[in-house]
Amino acid sequence: LGMDVSTSVTGITVLDPPPPGDDRPRLVLMTHVELARFDDFWAKADELRRVMSHLKHDMDKSTVASATHAFVEESLQAFRPGLSSAATLMTLAKFNGVACMIVRDVLGLTPEPIAATSARKACGVRVQRGTPAKQQTFDQMTGPGGPLAGHAFPTKRQTKKTLGKRPEPVGWAYDEVDSYVIAWAGLRSLS
């Protein structure tokens, strides 16, 4: 199980190890939890717990393969001017800890942290300066030859400003793909 934890959208992916002779894992489940609609920190935690409990229920009923390991994207640990305030970093770190505790309580798995940069590297994602890493990760994972090529993500509604341009995926699609990267890097770390 891989998670990209955030207080706005948390991506969750469950992967099976790759079959013999293949290096890409089998996608079992890729979903997200939209948390931005909740103003209260603890309401967000309660919603994440509710979704994880449903996932556990599905795993117990064998409608979704049971996860044997959990990997969570490590929270940012350095202030970067113009990107996140110290208060935002503290809130994200706190929510990441709560999310890890929920995974431990509900699924009985102790989440292992993985740095986003290490996860991308383990999955062969190359990030160049100038374009956000989330965008480059999405493009490389869903583009031709990527492990999620052909996976259909909904797109944002086109406006006069965006007509004629490539349709942009909805925001949570990036979080789902990031959770896939975390899960795949975690699987690779086991072998």
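Colleague: Leaving aside neighbours within four places in sequence, which residues is glutamate 112 in contact with?

Modeller: Glutamate 112 is in contact with His69, Ala70, Phe71 and Val72, where contact means heavy atoms within 4.5 Å. Please note that this is a predicted model, in which local features need pLDDT of at least 70 and side-chain atom pairs count only at pLDDT 80 or more, while totals for chains, interfaces and linings use all residues. Residues are numbered from 1 along each chain as its sequence is written, and side-chain values use heavy atoms, with hydrogens and water left out.

Colleague: Where does glutamate 112 lie?

Modeller: Glutamate 112 lies in strand S5, residues 112–114. Helices (H or I, at least four residues) and strands (E, at least two) are DSSP runs, numbered from the N terminus.

Colleague: Is glutamate 112 buried, exposed or partly exposed?

Modeller: Glutamate 112 is partly exposed, with a relative accessible area of 34%. Buried means under 20% relative accessible area, exposed means over 50%, and partly exposed is in between, with a 1.4 Å probe and protein chains only.

Colleague: Let us turn to the whole chain. How many helices and strands does the protein chain have?

Modeller: The protein chain has five helices and five strands. Along the sequence their pattern is β-β-β-α-β-α-β-α-α-α. The radius of gyration is 17 Å, close to the 16 Å that the globule rule gives for 191 residues, so the chain is as compact as a globular protein of that length. That radius is taken over C-alpha atoms, and the globule rule is 2.2 Å times the number of residues to the power 0.38.

Colleague: How much of the protein chain counts as buried?

Modeller: Of its 191 residues, 42% count as buried.

Colleague: Which residues touch the most other members of the largest nonpolar core?

Modeller: They are Leu1, Met3, Ile12, Leu48, Met52 and Leu107, in a core of 26 residues. Strand S2 (9–16), helix H1 (41–60) and helix H2 (86–107) are the elements that give two or more residues to this core. H2 gives the most, with eight residues. Apart from this core lies another of 24 residues, among them Ala119, Tyr180, Ala185 and Leu187. A nonpolar core is a set of buried Ala, Val, Leu, Ile, Met, Phe, Trp, Tyr and Cys residues joined through side-chain atoms within 4.5 Å.

Colleague: What is the general background to that?

Modeller: In soluble globular proteins, nonpolar side chains tend to be buried together.

Colleague: Back to leucine 1, then. Where is its place in the chain?

Modeller: Leucine 1 is in the segment before strand S1 (2–4). It counts as buried, at 7% relative accessibility. Leaving aside neighbours within four places in sequence, the contacts of leucine 1 include Ile12, Met52, Leu107 and Ala183.

Colleague: How far apart in space are leucine 1 and leucine 187?

Modeller: They are 8.9 Å apart, C-alpha to C-alpha, and 186 residues apart in sequence.

Colleague: Which residues of helix H4 are buried?

Modeller: In H4 (residues 133–142), the buried residues are Gln136, Thr137, Phe138, Met141 and Thr142. Their cover includes helix H3 (116–122) and helix H5 (171–190).

Colleague: Is aspartate 175 buried or exposed?

Modeller: Aspartate 175, found in helix H5, is buried, with a relative accessible area of 9%. Not counting residues up to four places away in sequence, aspartate 175 touches Asp4, Val9, Gly11 and Lys134.
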